[in-house]
Structure formats: C-alpha cells, structure tokens
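Visitor: Could you take me closely through a single part of this structure, step by step, and then show me how that part connects to what lies around it?

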Amino acid sequence: MSAVKIKQISDKDVDIVVENFDIAYLNSVRRLSLSEVPVLAIDDVVILENTSPVYDEVLAHRLGMIPLVTPVDRYSLPSECDCNNPSGCPKCRVMIVLDASAGESPRTVYSGELICPEDKDVKPVSDRIPIVKLAPNQKVKVEAYARMGRGKDHAKWQAANIAVLLEAKNGKGMYELKLETNGSYKASTLLTKSIQLLQKQIKTISEAVGEV
Ligand SMILES: [Zn+2]
C-alpha cells in the first residue's frame, strides 16, 4: 500500500516521504513545480524617469527578477484569459509602480518600495532586495505590469527555487520529494498546484483516449 509522510513543512519548503509510489509520478510533480506552475512576475516596464546610473534595460530586467507574492487562483495566464487583449485586463495583469528619489544623500532603492495600487495582496516576497543605488538628487519612476507565466518560458516565472527527488536513506522503494518555493506561493500551495497540473494532464490523455 502507498503511504505518504510529511517530514517537514513550512511556508517556504515542504519535504515528503512516500512509500510504494511510482517514481515517475513524483518526478512529474517535481518537474511541474519548476516549469509549469504559473506565478506573477513583472513583464512589462515603462520607465517614466531614470536619472540613476543604471540603464533602463538593466533596471527592467532587475524588476522582472523580483519574486512576487501571487494570490492563489486570482490571475490567469494571458494565453488563457478570455479578454483576448494583447495588453491584458485586470484578470491577467496587474500594475506595479516605483517612484523613488534620493534627497541630499545617496541611498539604495529596495524592493519594498514597489507598490501595487490595484491589489494589496500582490507584493515582493521580500522588502530587502536592492534594485538601484541613487546618488543625491537622482530619481527613478517606473510603471510596470506583472503577468502570470511559467518557469519553462523564463526563469523569472519559476515558482520553485529547489525541487529534488531522492531515494530515502533506508531505501526499500521509499522516496523523498523536497520543494522550496521562491516565496510566490506557500510550499503547500506549490505542491498542490503541481499535483493538480499532473491530474489535469492525465485527464486530458484519458479523455483523448476515450474519444478514440
Ligand atoms: Zn485578460
């Protein structure tokens, strides 16, 4: 009989040990957590003002790589949204603004200064990610849009920092699956989402076979 034991769980990571389970399924769950579970990331950046020493493109790239807390099931992938609008709608994109300046002294602008006026639940997973250093009187003002995406399309959309599958130490067909999130979702949500995607894929196959 199959058995699953939770070895460790926190918001950030989950570690389960399973017995008498097909390793192929577990490996699919691992892979899906890295490449298929969609999360929000900044995807479109309009630089309104930038007098910092950092080039616009570099600033845009840095903003894209900041992990964002993603409310569960609130946003759709642009390709799956019913708006059919290339620039998106409130269901498939969310605006994030940054308006930071230095006064008399130089300072570092951190991720905590990114504000999402349309949705309080969307925010950087950490407030302390440095974005740009400003010299006195320099300024950056940015309007950005975050969209859902998948890790297979770009690393910025990868929901899992780490996803490994190991043979448990005592052997005997026991395996250990460890997932660590980038903070967009809780670890338990990431695991559930990965399993749901696997179920969906299997359902698609069985329906296709049923149609034959
Ligand atoms: Zn839409």
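Guide: In this predicted model, three strands make up an open sheet, arranged in the order β3-β7-β4 and paired in the antiparallel sense. The strands at the edges are β3, which covers residues 39–50, and β4, which covers residues 94–101, and each of these two pairs on one side only. If you compare neighbouring strands of this sheet and ignore their direction, they are turned against each other by 20 degrees on average. In general, the strands of a sheet pair through backbone hydrogen bonds, and the pairing can be either parallel or antiparallel.

Look now at the pair formed by β3 and β7, which run antiparallel and are joined by 10 bridges. Within this pair, I42 has A146 of β7 standing opposite. Helix α2, made of residues 56–64, packs on the sheet and touches both β3 and β7, while the direction of this helix makes about 150 degrees with that of β3.

From here we can turn to L40, which touches A146, R147 and M148, and which also touches L68, T70, Y75, V122 and S184, when residues up to four places away in sequence are not counted. As a general background, nonpolar side chains tend to be buried together in soluble globular proteins.

To complete the surroundings, consider another open sheet, in which 4 strands follow the order β1-β2-β9-β8 with antiparallel pairing. Its edges are formed by β1 (3–9) and β8 (160–167), and because each has a single partner strand, one side of each is left without a neighbour in the sheet. Neighbouring strands here are turned by 15 degrees against each other on average, again with direction ignored. Strands β1 and β2, the latter running over residues 13–19, pair in the antiparallel sense over 6 bridges, and V4 stands opposite V18 in β2. Helix α1, residues 23–35, packs on this sheet by touching β2, β8 and β9, and its direction makes about 165 degrees with that of β8. Helix α3, residues 187–211, also packs on the sheet, touching β1, β2, β8 and β9, with a direction at about 120 degrees to that of β9.

Technical notes: Residues are numbered from 1 along each chain as its sequence is written. This is a predicted model: local features need pLDDT of at least 70, side-chain atom pairs count only at pLDDT 80 or more; totals for chains, interfaces and linings use all residues. Two residues are in contact if their C-beta atoms, placed from the backbone, lie within 7 Å. Two strands pair if DSSP finds at least two bridges between them. Axes are lines fitted to C-alpha atoms, for helices over the stretch in contact, and angles run from 0 to 180 degrees between N-to-C directions.
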